[in-house]
Amino acid sequence: MNDQKRQGVPQFECFEYGEKTSEYCVLIPIINEGNRIHKELMRAYRANISSYADLILCDGGSTDGSMEEKKLRKLKINTLLIKKDVGKQGAQLRMGIWWALQRGYQGIITIDGNNKDSIEDIPQFIEKLKEGYDFIQGSRFIKGGKAIHTPMVRLLSVRFIHAPIISFTAKHWYTDTTNAFRGYSARYLRDERVKPLRDIFMTYELLAYLSVRATQLGYRVCEIPVTRAYPKRGKIPTKISLFKGNYQLIKILLKNLIGCYKPNQD
């Protein structure tokens, strides 16, 4: 099924493998994750996550064969969205958010597709959404969370740069702000003072913005413990390069701090 270009939404193709079965969905942005995404989805399958939320893959245009329909159906993927437009993670998430809101989900959970995060914890995010929280940040650094084999440069940059700047901007203390394992209420994402569906969000801007906008507008937020595990050896599964990627992240943090991503009417 082809989908037409809409304001603030990348052009994409949609393949529905099932009807809407839950009030909640999980958006998984991916591109060429190969066996990592299959391992993650197998963990979700074994934990019966599809009985809690519909699983929606937000593919950026993978060319590694990992999005083969037969395998995805077997792993109980509900929908595959394939971006056919410019942009990276932010564009993939906008595609998924638009689709989820159109489908009428009450809450959305996001998680990376590189098999680093405890996808088994998705029911805990849903519980918090049911309790009335509008933004739930997963954290490996609070009690009950686990940070396994975190590279030292990542640990220091999150703890001493990223989290303090995001927390200062939000006027609320967060501990694990680069972690994309999160939950959002539909009412937060639909708020005209938020407007996540804008072309300004192409890479990692949307994650930074949504982290701070909730408390700026008085929404209920919290952190819950999760596990993030890096491989003990080998290449780190990430799309952020050491120098250029981290430089871009700092620019995004500073623009977010001075309100560059707020809607014009604010």
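## The second largest pocket

In this predicted model, helices α3 (89-103) and α6 (186-190) each supply at least two residues of the lining of the second largest pocket. The largest share of that lining, 3 residues, comes from α3. The space in the second largest pocket is about 180 Å³.

The residues that line the second largest pocket are W98, L101, Q102, L189, R190, D191, E192, K195, P196, L197 and R198. Two of these lining residues, E192 and K195, also form a salt bridge, in which the closest N and O atoms are 3.6 Å apart.

## Salt bridges

A search of the whole structure finds 14 salt bridges. One of them pairs D112 with R228, with the closest N and O atoms 3.0 Å apart. D112 lies in the loop between β6 and α4, and R228 lies in strand β11 (residues 227-229), so this pair ties together parts that are 116 residues apart in sequence. D112 counts as buried at 13% relative accessibility. R228 is buried as well, with a relative accessible area of 4%.

Another salt bridge is formed by D176 and R140, whose closest N and O atoms are 2.8 Å apart. This pair links distant parts of the chain, 36 residues apart: D176 is in the loop between α5 and β9, and R140 is in the loop between β7 (135-139) and β8 (146-148). D176 counts as buried at 0% relative accessibility. R140, with a relative accessible area of 4%, is buried too. Elsewhere, salt bridges that share partners join D112, D117 and R228 into one network.

## The nonpolar surface patch

Helices α5 (152-170) and α8 (244-257) each supply at least two residues of the patch. The largest share, 5 residues, comes from α5.

With a relative accessible area of 63%, F160 is exposed, because exposed means over 50%.

## Helix α7

Helix α7 covers residues 205-216 and has 12 residues. From its first C-alpha to its last, α7 reaches 17 Å, which is close to the 16 Å expected at 1.5 Å a residue.

α7 is mostly covered, with 10 of its 12 residues buried. The buried residues of α7 are E205, L206, L207, A208, Y209, L210, S211, V212, R213 and A214. In an α-helix there are 3.6 residues a turn, so residues three or four places apart point the same way. The buried residues of α7 run from E205 through to A214. Just after α7, G218 takes a positive phi of about 85°.

N115 has a positive phi of about 65° although it is not a glycine. N115 sits in the loop between β6 (107-110) and α4 (122-130). At 21% relative accessibility, N115 counts as partly exposed.

K171 likewise is not a glycine, and K171 has a positive phi of about 60°. K171 lies in the loop between α5 and β9 (182-185). K171 is exposed, with a relative accessible area of 66%.

## F125 in helix α4

F125 has its place in helix α4. F125 counts as buried at 0% relative accessibility, because buried means under 20%. F125 and F181 are 56 residues apart along the chain, and their C-alpha atoms are separated by 9.3 Å.

Notes
Residues are numbered from 1 along each chain as its sequence is written. This is a predicted model: local features need pLDDT of at least 70, side-chain atom pairs count only at pLDDT 80 or more; totals for chains, interfaces and linings use all residues. Side-chain values use heavy atoms; hydrogens and water are left out. Helices (H or I, at least four residues) and strands (E, at least two) are DSSP runs, numbered from the N terminus. The expected span of a helix is 1.5 Å times one less than its number of residues. Buried means under 20% relative accessible area, exposed over 50%, partly exposed in between (1.4 Å probe, protein chains only). On a 1 Å grid over the protein atoms alone, a cavity is a set of points where a 1.4 Å probe fits but cannot get out, and a pocket is an open set with protein on both sides within 12 Å along at least five of seven lines; lining residues have an atom within 4 Å of a point. Grid points are joined across faces, edges and corners, and a volume is the space filled by probe spheres set on the points. A salt bridge is a side-chain nitrogen of Lys or Arg within 4 Å of a carboxyl oxygen of Asp or Glu.
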